[in-house]
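Here are some notes for your review. They are numbered by topic, and each point can be checked against the coordinates.

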Amino acid sequence: MTSEVLYVWAHLPGSADPVVAGRLEVTRTAAGPVGHFNYGQSYLSRSDAIPLDPLSLPLKKGVGTFTHLGGYPGVIMDAGPDLWGKRVIDRLKGPQAYPRGYLLLNDPGRSGCLSFSTRPDELPIPLTSRAFPLAELLAAAEAVETDRPVDPELLKALHPGTGGARPKCNVIEDGEVWIAKFPSADDRLISVPRLEHASMCLARLCGIDAAETRIRDVNGRDVCLVRRFDRYSENGRICRRGFLSARSVFFDDPAFAAVGTGSYPRLARWMPRFGAGIDDRRQLFRRLAFNVMVRNDDDHELNHGLVHVRNDEFALAKAYDIVPTLHANRTRQHALLLGDAAAGTVANLVSSAESFALTRDAALEIVRTIEQQVLESWQEVFYEAGFGDEDLRKLEAVFRPIPEHGPEPGHVTG
C-alpha cells in the first residue's frame, strides 16, 4: 500500500493569511483509495475556527474516513481545478498527479477558502503573478486553446484554480475579485460571454439571486466579468469564504452512494443540515424554474453550491453559470433531476414541490410567473445587453413556454 499526505490550510473569516487546519492521508488499498482526515489540535483550540464541512468534517477530535472521490473529502476536491485549470497547469508545470499535484499549486483563484502544503510548518506556496490587462489575458487564453506558446507569467495570471471547462481567469476591478470569462475558439453561433451576461441580467429580473455581471469589449471581443461571492475585501485585503459544491452536499448524504444521481430536490432537502433556511430552498426552486425556462441544461452539481456565512452555517450561494443551450430540442434533459425525472416540463417541475418547502400550487405559480416574465422581457434585456436583431432571431427557439409534459415514447423532439 502507498500513501500520500496533504496538509490543509484555511483562510479564516476576516483574514487574508491561512492557518493549518488539518491533515489528509490517502492510502491506496486493494479495495481502492481511502482517505483519513483529522483536524490539528491548534486549529480546534482556535475561537475563530470554522468546520471545512459541518457534516462530514465537523469541528471535533478524531479521524474522518472517506472512500468516495478517490479518498478526498468533497470540500477539498472543490478547491481543485477543473478542465480549463488542468489544461493551463499542464502547460505551466507539466501533467500533475491527480488530484494532489493540482491541489498543491495554490492559485488564489480557486474556489472557497482552502490552500495546501506537504508539511504542517510549510506555508502553501502561492501561484501568483503580476497583473496584466484583459487584452493580454484574452490573448493568452486563446493561445492555450490553440496550443501556441504562452509566457509563463501570463499562464500563472490565468489563475488555473478556477473551475469549469471554458477559458477564464480572475481579475481585480473596483477592489473586488471577478472571474473574466473569455470567448472560446469553439464558439460559432453567438457570443457566449455576452449570452451569459444577458441571461444573468434576465435571471435577476426574475427574482433569482444571481451573481453580478459586467460585459467588456476587448479589442472587439466580448469578455463577461462575474463577481465572485466567495471573495470579499476587508481593510484593503482580499479575504475568502468557504464553499461547498452541490457535489459535496450529495456525498455527505450516505444514501447518495446507492443512487449516484444528483437532483435539485435532494439538494433542497439537505441544505438545512448546513444551516440554509426555507428562503434558500424556495430560491433554489426559482433558480430551477428559470434554468428550465431558458433551457440551461448544463446545470450540473458543480454549478450550484453553498457559501459560508457564520460559525458552522452555510447558505445557498448566488446563482452562476447560467447560459442557455442553443440546440433545438423542445424538451431538455437537465444535468440534475428536476423532480421525478430530468425532463424540463411543468409537470416534472412541480412533482417535488414539498422538497422546496412549497405546495404544488405555490410551485406552479412560481413557474408561471417566471415563464411570463421571461417571455415578456427577454428581448428587451438582450437588446440592452448589446445583442442585435440577427442575434435575437438565433435565440427565439430558446425562449418558448415550458412544455407541460414530456414527449410521447418514441417521439423525437425538435
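Leaving aside its neighbours within four places in sequence, which residues is D222 in contact with?

1. The contacts of D222. This is a predicted model. Beyond its neighbours within four places in sequence, D222 touches K181, P183, S191, P193, R194, I215 and R216. The residue sits in strand β9, which spans residues 221-227. D222 counts as buried, because its relative accessibility is 15% and the cut-off for buried is under 20%.

2. Polar partners of D222. Two of the residues in that contact list deserve a look. The side chain of D222 makes a polar contact with the side chain of S191, at 2.7 Å. The side chains of D222 and R194 are also joined by a polar contact, again with 2.7 Å as the distance.

3. R240 and its charge. R240 belongs to strand β11, residues 237-240. R240 is buried and has no salt bridge. The nearest side chain of opposite charge is that of D230, 8.0 Å away.

4. The surroundings of R240. Neighbours within four places in sequence are again left aside. R240 is then in contact with H11, P108, R110, G112, C113, L114, S115, D230, R231 and Y232.

5. Cysteines. How many disulfides does the structure hold? The count is zero. For C201, the nearest cysteine sulfur is that of C224, 8.4 Å away. For C206, the nearest is that of C201, at 11 Å. C201 is partly exposed, with a relative accessible area of 23%. C206 is buried, at 4%.

6. Aromatic pairs. A search of the whole structure gives twelve aromatic pairs. One of them is W378 with F399: the ring centres are 4.3 Å apart and the planes lie at 20°, so this pair is stacked. The pair links distant parts of the chain, 21 residues apart. W378 is in helix α13 (residues 360-384), whereas F399 is in the segment after α14 (389-395).

7. The cluster around that pair. Both W378 and F399 are buried. Ring pairs connect W378, F382, F387 and F399 into a cluster.

Conventions. Residues are numbered from 1 along each chain as its sequence is written. This is a predicted model: local features need pLDDT of at least 70, side-chain atom pairs count only at pLDDT 80 or more; totals for chains, interfaces and linings use all residues. Side-chain values use heavy atoms; hydrogens and water are left out. A disulfide is a pair of cysteine sulfur atoms within 2.5 Å. Buried means under 20% relative accessible area, exposed over 50%, partly exposed in between (1.4 Å probe, protein chains only). Helices (H or I, at least four residues) and strands (E, at least two) are DSSP runs, numbered from the N terminus. A polar contact is a pair of N or O atoms within 3.5 Å; within protein, one must be able to donate a hydrogen and the other to accept it, and residues adjacent in sequence count only if both atoms are side-chain atoms. Contact means heavy atoms within 4.5 Å. Lys and Arg count as positive and Asp and Glu as negative; His and the chain ends are not counted. A salt bridge is a side-chain nitrogen of Lys or Arg within 4 Å of a carboxyl oxygen of Asp or Glu. Rings of Phe, Tyr and Trp (its six-membered ring) pair if their centres lie within 6.5 Å; planes under 30 degrees apart count as stacked, over 60 as edge-to-face and the rest as tilted.
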